[in-house]
Amino acid sequence: MSSDRPVREAENRLEKFNADRERLLSEVERRVVARKVSEAQRGGDDSLEYVLNDVAYCEIKRLDHKNGAADRWKDLSRRLLGMNGDEKREELRKLVRHYGQDVVGNFDPRVYKFATGIGPSLLGFVFNPMTSLREGMTTLRNLDARIHADGDLDVVRGCAERGTIVVVPTHSSNMDSPAIGLGMLRAHLPPVTYGAGKNLFSNPFVSFFMRNLGAYRVDRRLRFELYKDVLKEYSTVLLEHGYHSLFFPGGTRNRSNIIEKHLKLGLLGTTVTAYKNSVREGAPNKRIYIVPATINYRLVLEAETLIEDYLAETGKRRFIITDDEFSRVGRIVEFFRKILVHEGSVVVRFGRPLDPFGNDITDDGESIDRAGRIVDPASFVRGADGEVADDDQRDAEYTRALGRRLSQVYPRLTVLHSTNLASRAVFEAICKNAATRDIYRLMRAPLGHLEVPVPAAIEELVRLRARLAQHPEWGSEHPSYTTQSADAKLDDAIRGLSSYHTVPVIERRGETLQVKDVKLLFYYQNRTAHIPPDA
């Protein structure tokens with residue numbers, strides 16, 4: 001099997017996306033309107049009025065502080081009481097079309113060829129510190145070393161050739177979209193459509209690529225049911241039409257840096273729905289595979305803002321952060337210049353695919369149960385009479401089972417950089433000094449409790465690495481640095497933790513380590529939070 005075959009096929013499919021876009025959008029409109037009208041017929045005309053009023057109320061609440069922005073929705077609210085059934089259905093159709101057009105993505109083959117051709121090299125040339133053109137050309141040749149991709153790649157490629165893959169990575173940073181894109185490129189995996197928070201489109205540089213590489217916009221400010229229905233139906237239709245997809249099941253960026261446990265199941269559930277629809281249409285072999293992945297950074301661009309938000313008082317945490325480091329171009333440039341010069345600064349690890357019901361698969365893409373027996377995935381959506389049955393409660397339980405499997409898989413796929421391991425070692429030491437693991441108490445701890453002798457930190461680091469080697473379910477060290485000595489790993493971590501952030505996280509003064517930023521130390525060690533403390 002050629003590793004490039006699924007890539008070429010997906011490129012060809014995505015090149016036709018723009019011609020297909022209107023048909024996809026019309027299908028979304030038809031399904032959502034038909035479902036809402038059917039619900040209204042069962043529940044009376046008031047239920048359709050409720051849907052429209054819910055949209056108007058939520059939009060007025062969101063936009064009323066902007067001069068004139070809510071006028072359209074106030075007008076809709078006023079007209080609702082006088083509308084007859086036909087007028088309500090027409091208004092519903094217009095709203096579905098409106099939100100569908102806001103969501104739908106775009107794909108420009110020219111931008112894709114640039115992004116996958118000279119684009120990465122150009123970024124490397126611009127963002128890496130260099131003292132000469134000669135060094136710059138070396139940087140271009142060695143750019144692959146900056147982002148490392150590994151995992152069960154042969155199986156994933158095979159699934160991409162047999163069916164449609166849905167990549168579901170962890171979510172730590174607004175840099176995740178370009179990171180996973182480059183990781184998939186390195187891994188010879190096909191391009192995908194993907195849902196991205198609408199706030200990401202505020203960065204003009206990143207927005208240009210996202211708008212033209214298949215990204216569809218997810219506006220997390222819109223909480224009403226009609227918008228969620230449009231979004232989920234769009235994802236379902238894409239999967240049914242064979243478009244490889246990607247979305248972050250954690251939802252927003254992980255503020256704490258702890259590996260996600262509680263996943264958002266909305267878009268994840270569209271994999272079950274899309275497969276069920278394919279079986280109903282007589283195509284049970286039109287398989288969908290869910291590919292777990294982790295994106296592992298040596299340093300995280302927005303770490304300072306994220307951990308501040310995580311530790312904020314209850315009720316003050318922001319759902320969408322728009323003023324973090326990602327919104328400032330200078331900080332992004334600094335991030336590239338100071339961090340991505342380190343070999344393997346980002347590791348994207350792809351796991352073994354699952355089917356939409358959380359079952360493991362064989363190397364040939366067949367679903368297997370817990371006893372290792374091959375099972376027919378179509379049987380999960382058929383009733384006792386052999387016909388496809390719609391059962392929302394059953395499908396929701398399938399999606400919960402898939403979510404639980406992903407939560408179990410992510411720790412094993414986690415790659416721990418020196419910054420994570422050293423932070424954990426130093427964190428354990430200051431916890432012993434202060435006789436507490438409570439981060440709020442540690443933030444107020446006296447300076448003496450935040451000092452750790454270098455030999456003690458190294459001893460803690462040695463024990464942590466030994467335990468990690470014995471428990472692959474906890475993840476693994478960076479594959480390029482498994483033989484690195486504990487002394488060298490600690491030095492490497494200190495260099496990283498003092499190179500980018502506003503305040504150095506750790507400083508070395510002779511044979512003593514001083515913690516300068518307890519919150520960031522806590523953030524980086526949190527990547528190991530699933531590893532229990534040493535007894």
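**A walk through the predicted model**

The secondary structure of this protein comes to 21 helices and 14 strands, where helices (H or I, at least four residues) and strands (E, at least two) are DSSP runs, numbered from the N terminus. This is a predicted model, in which local features need pLDDT of at least 70 and side-chain atom pairs count only at pLDDT 80 or more, while totals for chains, interfaces and linings use all residues. Residues are numbered from 1 along each chain as its sequence is written, and side-chain values use heavy atoms, with hydrogens and water left out.

Of the 535 residues of the protein, 55% count as buried, a word that stands for under 20% relative accessible area, with exposed meaning over 50% and partly exposed in between (1.4 Å probe, protein chains only). Among contacts between residues at least 6 apart in sequence, 75% join residues at least 24 apart, and contact here means heavy atoms within 4.5 Å. Helix 14 (residues 303–311) is largely enclosed by the rest of the structure, because seven of its nine residues are buried; among them are Ala303, Ile307 and Leu311.

Two packed helices are described by the angle between their axes and the distance between the axes. The axes of helix 4 (residues 71–79) and helix 5 (residues 85–103) come within 13 Å and cross at roughly 160 degrees, the axes being lines fitted to C-alpha atoms, for helices over the stretch in contact, with angles that run from 0 to 180 degrees between N-to-C directions. Helix 4 and helix 5 are therefore roughly antiparallel to each other, since angles under 35 degrees count as roughly parallel, over 145 as roughly antiparallel, 65 to 115 as roughly perpendicular and the rest as oblique. In this contact, Arg72, Trp73, Leu76 and Arg79 of helix 4 meet Glu91, Leu95, His98 and Tyr99 of helix 5. These residues divide into four nonpolar, one polar and three charged (Ala, Val, Leu, Ile, Met, Phe, Trp, Tyr, Cys and Pro count as nonpolar, Asp, Glu, Lys and Arg as charged, and the others, Gly among them, as polar).

Glutamate 91, which has its place in helix 5, counts as buried at 10% relative accessibility. Leaving aside residues up to four places away in sequence, glutamate 91 touches Leu52, Leu76, Arg79 and Met83.

The structure also holds eleven aromatic pairs, in which rings of Phe, Tyr and Trp (its six-membered ring) have centres within 6.5 Å, and planes under 30 degrees apart count as stacked, over 60 as edge-to-face and the rest as tilted. The rings of phenylalanine 224 and tyrosine 227 have their centres 6.4 Å apart and their planes at 70 degrees, so this pair is edge-to-face. Phenylalanine 224 is buried, with a relative accessible area of 2%, and tyrosine 227 is buried with a value of 2%. In contrast, phenylalanine 357 and phenylalanine 380 have ring centres 4.8 Å apart and planes at 15 degrees, so that pair is stacked. Phenylalanine 357 lies in the loop between strand 7 (346–350) and strand 8 (360–361), and phenylalanine 380 in the loop between strand 9 (367–368) and helix 16 (392–413), so the pair ties together parts that are 23 residues apart in sequence. Phenylalanine 357 counts as buried at 6% relative accessibility, whereas phenylalanine 380, at 21%, counts as partly exposed. Finally, ring pairs link Trp73, Tyr99, Phe224 and Tyr227 into a cluster.
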